[in-house]
Protein chains: 2
Amino acid sequence: MIFRQLFEQESSTYTYLIACEKTGKAALIDTVKSDVPQYIQLLRELNLTLVCALDTHTHADHITGAGELRDLTGCTTLLGEEANSTCVSHALRDGEKIPVGELTLTALYTPGHTDDSYTFHLTEGDEQYLFTGDTLLIRGTGRTDFQNGSARDQYQSLFEKLLVLPETTWVYPGHDYKGWTRSTIGEEKAHNPRLQVKDAVAYVELMSNLKLPNPKLMDIAVPANRACGKH
Amino acid sequence: MIFRQLFEQESSTYTYLIACEKTGKAALIDTVKSDVPQYIQLLRELNLTLVCALDTHTHADHITGAGELRDLTGCTTLLGEEANSTCVSHALRDGEKIPVGELTLTALYTPGHTDDSYTFHLTEGDEQYLFTGDTLLIRGTGRTDFQNGSARDQYQSLFEKLLVLPETTWVYPGHDYKGWTRSTIGEEKAHNPRLQVKDAVAYVELMSNLKLPNPKLMDIAVPANRACGKH
């Protein structure tokens, strides 16, 4: 497997390049439109063919590069069916397998941050990887107060779908605002302050007290992302 | 091996945590003073003991956290002997081995960006890692126009010490300004525009034409770093 983590400073977004070394087929998770030229450069230099651009959800803080990448490379674009996006090549469902050469990403429906939030799960040899978008962050979780977010759903997504995976599973989030690049399920279970609550009721209360301002780009980003970043 | 890459946004600096899983002993490479509380948190949460804080060179763009980490943890601080820093616990020489539990970092003297620039080399199983500081960047090299920098020395450091290593060797730089997190020796040989020159003379000419402004923090950072960040 070829694996690269890329960071976009303005929105503190992580984008992931995952490729099958044998076939040269590649996927990009959570791209940022302004960095599309960089992705094209890296794909070319590593001699890879982009087969799909996936988004974990309809982002409110940056504009996806998926549509532009499809125009430039002919790749497909993928987003959860709950997004009701008419522009995507294919709308994902819970449990769906996404082939990338000989690798397979599994789409896990993990609503809560938004009602269209997915986590992508990959097993490669002895290692398991989760690309958690804004569902599970390093020592945090994504806010649940807009885009049909639900703290109760997020609690279920976290505790029933993600934290049940092996403790050594790598956690690669959609953002980090303090410069940390990865974690593990074991580390988050032990040290993520939001995961120390005793039950769903306590989690809902915790999340309802955050009182965060809306993302600056939200009114532009959400409609743009429903249009694959080409609005 | 436990391995974490951390990013400090203001100076686009990468800091590396390397630890021996068996003994719990850890090293930090190129720390940033303002992030010391984060390093202490991560060391505590991963149950690690910091044995040394290394700097690849006397930085001109940020202030090292080494001195403060020594005060807080009792670790040693290491910097090349050419830095003539009277505060470090130990001054490194070319080829010196630095034990971190059962891991060993080898200090390679790679002058050019500054006259006290070192690269740290680690072999772990089948993998080789280079922590290149500002000697070799992803698709770039560190400027050579201050702190006794020398493009001729840097050419030698690059072509005779680093690019001779296996193509699969991981390159983890001291900075990246476009959000790329790692590369390999093979990738840099093929695609780093500064490494496509035909000889040392051409490299010296290329570097002498960069005409970059001085780093904003230089007049503060260099004396502070000679004092282990505690000036």
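This is a predicted model: local features need pLDDT of at least 70, side-chain atom pairs count only at pLDDT 80 or more; totals for chains, interfaces and linings use all residues.
Good morning. I begin with one residue pair in chain B: B:L122 has B:Y129, in β10(B), as its bridge partner.

Strand β9 of chain B, residues 118-124, and strand β10 of chain B, residues 127-133, run antiparallel to one another and are joined over five bridges. As a reminder, strands of a sheet pair through backbone hydrogen bonds, in either the parallel or the antiparallel sense.

Where do these two strands sit in the sheet of chain B? The sheet is open and has six strands, in the order β7-β8-β9-β10-β13-β14, with mixed pairing. At its edges stand β7 (97-100) and β14 (183-184) of chain B; each has a single partner strand, so one side of each is left without a neighbour in the sheet.

I turn now to chain A and its annotation. An unreviewed UniProt entry lists residues 12-175 of chain A as "domain: Metallo-beta-lactamase". In the model, the end C-alpha atoms of that span are 6 Å apart.

Next, the interface. Here 23 residues of chain A are in contact with 23 residues of chain B. The area buried between the two chains is about 2200 Å², and carbon and sulfur atoms give 42% of this.

Between chain A and chain B the count is four salt bridges, and 20 residue pairs are in polar contact. On the side of chain A that touches chain B, β1 (2-8), α1 (36-45), β14 (183-184) and α4 (185-191) each supply at least two residues. The largest share, five residues, comes from β1(A). By class, this side of chain A has seven nonpolar, 10 polar and six charged residues.

Finally, I consider salt bridges over all chains, where the count comes to 24. One of them joins the side chains of A:D71 and A:K230, at 2.3 Å from N to O. A:D71 lies in helix α2 (residues 66-73) of chain A, and A:K230 in the segment after α6 (218-226) of chain A, so the pair ties together parts that are 159 residues apart in sequence.

Thank you for your attention.

Methods
Residues are numbered from 1 along each chain as its sequence is written. Chains are lettered from A and ligands numbered from 1 in the order in which they are written. Side-chain values use heavy atoms; hydrogens and water are left out. UniProt positions are given in the numbering used here, feature names are shortened, and annotations may be inferred rather than shown by experiment. Helices (H or I, at least four residues) and strands (E, at least two) are DSSP runs, numbered from the N terminus. Two strands pair if DSSP finds at least two bridges between them. Contact means heavy atoms within 4.5 Å. Buried area is the accessible area (1.4 Å probe) that two parts lose on being put together, summed over both. A polar contact is a pair of N or O atoms within 3.5 Å; within protein, one must be able to donate a hydrogen and the other to accept it, and residues adjacent in sequence count only if both atoms are side-chain atoms. Ala, Val, Leu, Ile, Met, Phe, Trp, Tyr, Cys and Pro count as nonpolar, Asp, Glu, Lys and Arg as charged, and the others, Gly among them, as polar.
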